Amino acid sequence: MNVAERHLEDIKYYNDYKHRLVQFIIVHACYEHSYSSSQNIRKVPKRIHITHGEMLGLLKEIQRLEILTYKLKNHVTIK
């Protein structure tokens, strides 16, 4: 596998990871009454509660992934 193919594989991996992280946030944080309603328990599996600090950490991770994929796409040296 040459360097260009490796970069494409890395970009694909990080984009997929970012997509899954965003989906995790949507599923676990975007519903006001995610698991407190007895009607929701039957329809939707239990969700976790994400604190403000944890959400900030997740958003920082998404931002880090954006920067990393930008650098990979533009062949910038990653430090």
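This report describes the helices, the nonpolar core and selected residues of a predicted model.

## Basis of the model

The model is predicted, and local features need pLDDT of at least 70, side-chain atom pairs count only at pLDDT 80 or more, and totals for chains, interfaces and linings use all residues. Residues are numbered from 1 along each chain as its sequence is written, and side-chain values use heavy atoms, with hydrogens and water left out.

## Overall make-up

The chain has three helices and zero strands, in the order α-α-α from the N terminus. Helices (H or I, at least four residues) and strands (E, at least two) are DSSP runs, numbered from the N terminus.

Of the 79 residues in the chain, 18% are buried. Buried means under 20% relative accessible area, exposed means over 50%, and partly exposed lies in between (1.4 Å probe, protein chains only). The accessible surface comes to about 6600 Å², and carbon and sulfur atoms account for 56% of it. Accessible areas come from the Shrake-Rupley method with a 1.4 Å probe; for residues, only the protein chains shown count as cover. Among contacts (heavy atoms within 4.5 Å) between residues at least 6 apart in sequence, 60% join residues at least 24 apart.

## Helix α1

Helix α1 has 27 residues and spans 38 Å from its first C-alpha to its last, close to the 39 Å expected at 1.5 Å a residue. The expected span is 1.5 Å times one less than the number of residues in the helix. The N-terminal end of α1 is capped by N2, with a side-chain oxygen 2.8 Å from the backbone nitrogen of E5.

D10, I11, L21, I25 and H28 are the buried residues of α1. Their cover includes α3.

## Helix α3

Helix α3 has 22 residues and reaches 32 Å between its first and last C-alpha atoms, close to the 32 Å expected at 1.5 Å a residue. Its buried residues are L58, I62, L65, L68, T69 and L72. Seen down the axis of α3, these residues fall within an arc of 125 degrees, so they line one face of the helix. The arc is that of the directions from the helix axis to the C-beta atoms. An α-helix has 3.6 residues a turn, so residues three or four places apart point the same way.

The cover over the buried residues of α3 includes α1. On the face turned away from the buried side, α3 carries the exposed residues H52, G53, K60, Q63 and Y70. Just after α3, H75 takes a positive phi of about 55 degrees.

## The nonpolar core

The largest nonpolar core consists of six residues: L21, I25, I50, L58, I62 and L65. Such a core is a set of buried Ala, Val, Leu, Ile, Met, Phe, Trp, Tyr and Cys residues joined through side-chain atoms within 4.5 Å. The elements giving two or more residues to this core are α1 (3-29) and α3 (52-73). The largest share, three residues, comes from α3.

I62 is in contact with K18, L21, V22 and I25, leaving aside its neighbours within four places in sequence. In soluble globular proteins, nonpolar side chains tend to be buried together.

Y14 lies in helix α1 and counts as partly exposed because its relative accessibility is 23%. Leaving aside neighbours within four places in sequence, Y14 is in contact with L65, L68, T69 and L72. The C-alpha atoms of Y14 and L68 are 8.1 Å apart, although 54 residues separate them along the chain. L68, in helix α3, counts as buried because its relative accessibility is 12%. L68 and I11 are 57 residues apart along the chain, with 8.5 Å between their C-alpha atoms.

T69 is also placed in helix α3, and its relative accessibility of 6% is why T69 counts as buried. With neighbours within four places in sequence left aside, T69 is in contact with I11, Y14 and N15.

E66 belongs to helix α3 and, at 38% relative accessibility, counts as partly exposed. The side chains of E66 and K18 are joined by a polar contact of 2.4 Å. A polar contact is a pair of N or O atoms within 3.5 Å; within protein, one must be able to donate a hydrogen and the other to accept it, and residues adjacent in sequence count only if both atoms are side-chain atoms. E66 and K18 are 48 residues apart in sequence, and their C-alpha atoms are 8.2 Å apart in space.
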